Amino acid sequence: MTLFNSLSEYFLLLFVLGGAAIWLRQRAAIRREEQAVFGRLVTDFALPALIFLSISKEPLVTERLLLALLLFCSIAVVAAVAWLAGRFAGLSDPVLGSVVLVSGVGSSSTLGYLLVLQIYGEDPSIMSAVVTMGEIGVHLPLFTIGVAIAIHFGRDKASDISLWSAIRPFFTSPIFLAMVLGVIAAAVRLPQDHWAVAIVDDLLGVAADSLLFLVAFTTGLMLKPIPLRNLAMLIAIVAGLKLVVEPLIALTVGSILGVGTLERELLVLEAGMPASMVAGVIAMRYGCDGAVASAVVIATYFFCLATLPVIMLIGFT
């Protein structure tokens, strides 16, 4: 299956599931207010299962931490540029918070992992490297720094809630616990052929497989009609930064530091992912404009069909 076909098939699933959520919402089978429930299922149920399963199979090595750091630095630069562009454009704080989050954070744990499987097969060392980049380079900052950003731009300025109060729950959250337990499990080398380990893996596998469904439904419930003329500028900013600038930054820095060919390919692939639907969920949960975030995220998925093959061609040669 070609890369374009893999992307098209995955996007089709997302759009069909998101459309189903919109249809059910219009029939009052699901209410818009229930999007928070689906958002919590993403962050507290499906993602932790996927994180543990991915990290627990291979021990953490120093070289992979460097890739995670490079990816995080690329995200940080792009997010800073998005903030400057948004301020210059005069965006309101809730919209600006959404733009900053989705400009930098990509779909590393949803589309990224699936594409790596399509391109490289089920190689445990490659998957461990990608998961390390995704969870330490993307999700750990997203659920700490990203939550702080969402709180800062989305909260009521009259509120006395502190940023520390907002990010502190992350360190007792299922996502953080899954990361810690996954590292411990990888270090002690759990016997994969033991019946108890196999049962736990199967149960977590079912939860992890629900991620696509839950993210798509959450995004569909967040969507609401917004005039295209109000989104054109935001789409241009986010798509340009996320799909072009970020992977080029990652490629340039990786080449300068002499990162290996395979590692550079993985780095460019992860950096070139479309904007993260999970970032849109985070924006919505903490008071930023979830409707704008979800609409812009979906636009980057369309543009990604054209940009990702080109970026990968540049990065893989």
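**An all-helix chain and its charged residues**

The accessible surface of the protein chain comes to about 13900 Å². Carbon and sulfur atoms hold 69% of that surface. Areas here come from the Shrake-Rupley method with a 1.4 Å probe, and for residues only the protein chains shown count as cover. This is a predicted model, where local features need pLDDT of at least 70, side-chain atom pairs count only at pLDDT 80 or more, and totals for chains, interfaces and linings use all residues. Residues are numbered from 1 along each chain as its sequence is written, and side-chain values use heavy atoms, with hydrogens and water left out.

Start with the fold. The chain has 14 helices and zero strands. Helices (H or I, at least four residues) and strands (E, at least two) are DSSP runs, numbered from the N terminus. Of the 317 residues, 52% are buried. Buried means under 20% relative accessible area, exposed over 50%, and partly exposed in between (1.4 Å probe, protein chains only). Contacts mean heavy atoms within 4.5 Å. Among contacts between residues at least 6 apart in sequence, 87% join residues at least 24 apart.

Now the charges. A salt bridge is a side-chain nitrogen of Lys or Arg within 4 Å of a carboxyl oxygen of Asp or Glu. The whole structure has two salt bridges.

One joins Arg87 and Asp93, at 3.3 Å from N to O. Arg87 has a relative accessible area of 39%, so it is partly exposed. Asp93 is also partly exposed, because its value is 23%.

The other pairs Glu246 with Lys242, at 3.4 Å from N to O. Both residues are buried. They sit four residues apart in helix H11 (residues 228-256), so about one helical turn separates them.

Glu270 lies in helix H12 (residues 261-271). What does Glu270 touch, not counting residues up to four places away in sequence? Its contacts are Leu71, Ser108, Gly112, Tyr113, Val130, Met133 and Gly134.

Finish at Arg189. Its place is the loop between helix H8 (174-188) and helix H9 (195-209). Arg189 counts as exposed because its relative accessibility is 55%. Ser56 is 133 residues away along the chain, but the two C-alpha atoms are separated by 8.1 Å.
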